[in-house]
Amino acid sequence: SDLLHAPVSPSAPRFPPGAQLVTRVLTFVLNVFIARSLSLASYGVSSVQFHLINSSIVFLAREGVRRSCLRSTSDDASLIAGSLVAIPAGIVLASASGAFFHARGNTAAVMQCVAACIEVLSEPMYILATRRNWFGMRTGCEAVAMVAKNLVSVWLLNGAWFGWMEPTVAVSWGQVVYGCVLLACFAVGTWALTLGGGGGGMDGGVGSVGSVGTAQTVGTVSSWTIGTSFYSFYATFTFQAAGKLVLAEGSKAVLAMVTSEDVQGVYGLVNNLGSLVVRTLFQPFEELVFVTFSGGVGGDDPTSSKKRQADLLGSLSQLVCIVGGVMAAFGPAYAYVALRILYGERWASSDAPRALGLYSVYVALLATNGTLEAFLHGVADQKNLLKNNVALILASLAHMGLSVAAVRTHGAAGLLFADGVNMTLRIVYSCVFVDGYFRETCGGWRGVGLAPSARVISALGVASALARASNAALMRGDITLMRMARHVGAGGALLLAVLAVVYVDVRRGRLSTAAVLGRRRKTTKRA
């Protein structure tokens with residue numbers, strides 16, 4: 001078709017930062033309304049059980065394909081051919097899951113399967129957008145789809161005409177709308193950046209990634225071929241995705257099997273609130289790290305290349321550790337205030353504040369692990385990737401056993417503790433790989449400088465202790481608005497003190513922000 005060999009628009013549009021901020025704030029506000037509109041039990045079903053269904057189908061169908069395609073250096077035609085593998089995989093998984101839930105009369109769960117299948121249909125366009133650095137288009141599509149999903153959910157949950165509808169069915173309709181809007185936006189965006197960029201030559205060859213402004217082609221249908229190396233990496237990454245899925249979602253499966261729906265609701269609220277930070281801040285950063293290191297850093301000389309990789313990885317890791325450390329230091333002391341203001345007394349008086357405090361620490365571990373694993377996946381050969389798969393399986397087994405015991409005794413808080421132990425094990429494995437990778441170049445992981453300076457770590461520890469002391473003194477008895485304001489003011493002063501220490505380290509060259517930002521600009525310009 002003409003779409004496959006039309007040139008790319010000379011300048012792919014960016015999703016304006018102001019629009020990104022507005023959509024994210026709107027999404028957050030709508031999610032708050034949804035949480036206030038649902039009981040703890042209904043929120044637990046929607047946020048834990050439905051999330052398991054949707055994420056399992058989507059992740060297994062696309063993760064192996066996505067990693068293989070983005071790591072590949074093949075032309076765009078082969079890239080699209082490889083990405084199409086995700087569609088039949090998604091259809092098979094969704095059909096099998098849908099049949100299972102249909103036999104049990106669970107209409108809402110069947111709708112989640114349909115929504116997941118629709119979402120997977122957009123995967124080839126997502127991969128092409130990522131490969132060509134159409135990050136603005138990709139971000140815009142996801143933002144519009146998320147807003148549409150939440151608007152529909154709020155409308156169905158609160159509209160007078162839909163009082164007869166089960167709350168879980170209303171939430172599932174929102175997920176179906178998300179998949180449809182995402183697919184439509186990606187289709188329109190891809191068309192606009194290819195056919196919409198100016199007349200395409202019908203005899204264009206197979207294009208490869210080049211500079212912005214150069215006409216690129218996706219090729220003709222006859223040129224869509226996949227090499228055997230793609231299938232090899234696809235099998236490896238898909239197997240790895242299954243292990244990561246167990247690690248990431250196995251705890252939720254345990255929670256769904258052995259706890260009440262009210263406990264699931266507490267965990268679901270905390271997880272959704274915390275994952276908002278992960279999706280907004282850390283997930284794009286992890287993708288940037290993977291794309292940067294998989295594309296090569298430092299030129300043709302192996303020694304020089306590894307030294308540049310070590311410098312860049314050290315700066316990136318320290319930056320993530322500092323951001324995650326701030327969340328771990330202040331999260332436990334301010335969890336109650338956040339829940340009281342956003343979700344009301346019903347949620348603040350539950351076990352949610354304690355769980356949110358633990359999740360703040362877990363987010364710090366999650367961010368550190370994401371950066372290190374993205375580096376590992378970007379530079380490791382197939383042998384080391386297979387070793388990583390085995391390590392993930394062993395960690396999964398240990399995690400599942402610990403999750404069962406912890407959930408039975410401590411509910412949602414116990415599950416978060418098990419998640420933290422699991423993430424720590426994965427960080428240790430990644431550090432072992434980094435140590436071996438850089439041993440001859442700079443003496444292993446210590447020479448890379450993965451952690452912030454002792455001064456920054458000490459500042460975070462002192463700030464955490466003082467924030468907890470403020471919480472103990474002010475957040476007891478009759479908690480008034482004035483007492484909460486004084487507690488928040490104390491936290492703001494402590495945060496400024498921590499940032500001042502970080503600034504001193506930056507000025508002394510302990511954290512090379514210039515190297516991080518410079519590399520990011522080079523990566524963003526590559527298209």
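Does T259 count as buried or exposed, and at what relative accessibility? T259 counts as buried, at 16% relative accessibility, where buried means under 20% relative accessible area, exposed over 50% and partly exposed in between, with a 1.4 Å probe and protein chains only.

The views below come from a predicted model, in which local features need pLDDT of at least 70, side-chain atom pairs count only at pLDDT 80 or more, and totals for chains, interfaces and linings use all residues. Residues are numbered from 1 along each chain as its sequence is written, and side-chain values use heavy atoms, with hydrogens and water left out.

**Figure 1. Overview of the protein.** The protein has 19 helices and 0 strands; these are DSSP runs numbered from the N terminus, with helices being H or I of at least four residues and strands E of at least two. Of its 527 residues, 50% count as buried. Contact means heavy atoms within 4.5 Å. Among contacts between residues at least 6 apart in sequence, 83% join residues at least 24 apart.

**Figure 2. T259 in the loop between α9 and α10.** The loop that holds T259 runs between α9 (228-258) and α10 (261-294). The T259 side chain reaches the backbone oxygen of L255 at 2.4 Å. With neighbours within four places in sequence set aside, T259 is in contact with Q264 and V407.

**Figure 3. Packing of α7 and α8.** Two packed helices are described by the angle between their axes and the distance between the axes. For helix α7 (residues 135-158) and helix α8 (residues 167-193), the axes come within 7 Å and cross at roughly 155 degrees. Axes are lines fitted to C-alpha atoms, for helices over the stretch in contact, and angles run from 0 to 180 degrees between N-to-C directions. The crossing angle makes α7 roughly antiparallel to α8; angles under 35 degrees count as roughly parallel, over 145 as roughly antiparallel, 65 to 115 as roughly perpendicular and the rest as oblique. The contact of α7 with α8 has 20 nonpolar, 5 polar and 3 charged residues. In this classification Ala, Val, Leu, Ile, Met, Phe, Trp, Tyr, Cys and Pro count as nonpolar, Asp, Glu, Lys and Arg as charged, and the others, Gly among them, as polar.

**Figure 4. Packing of α17 and α18.** Helix α17 (residues 454-474) and helix α18 (residues 481-507) have axes that come within 10 Å and cross at roughly 175 degrees. That makes α17 roughly antiparallel to α18. Residues of α17 in the contact include R455, L460, L466 and L474, and those of α18 include R483, H487, L494 and D505. By class, the contact of α17 with α18 divides into 13 nonpolar, 3 polar and 4 charged residues.

**Figure 5. S430 in helix α14.** Helix α14 (residues 382-437) contains S430, which counts as buried at 1% relative accessibility. Beyond its neighbours within four places in sequence, S430 is in contact with N369, L372, E373 and L376.

**Figure 6. L121 in the loop between α5 and α6.** L121 sits between α5 (107-120) and α6 (123-131) and counts as partly exposed at 31% relative accessibility. Its C-alpha atom is separated by 8.1 Å from that of G90, 31 residues apart along the chain. Leaving aside neighbours within four places in sequence, L121 is in contact with I87 and L183.

Methods:
A polar contact is a pair of N or O atoms within 3.5 Å; within protein, one must be able to donate a hydrogen and the other to accept it, and residues adjacent in sequence count only if both atoms are side-chain atoms.
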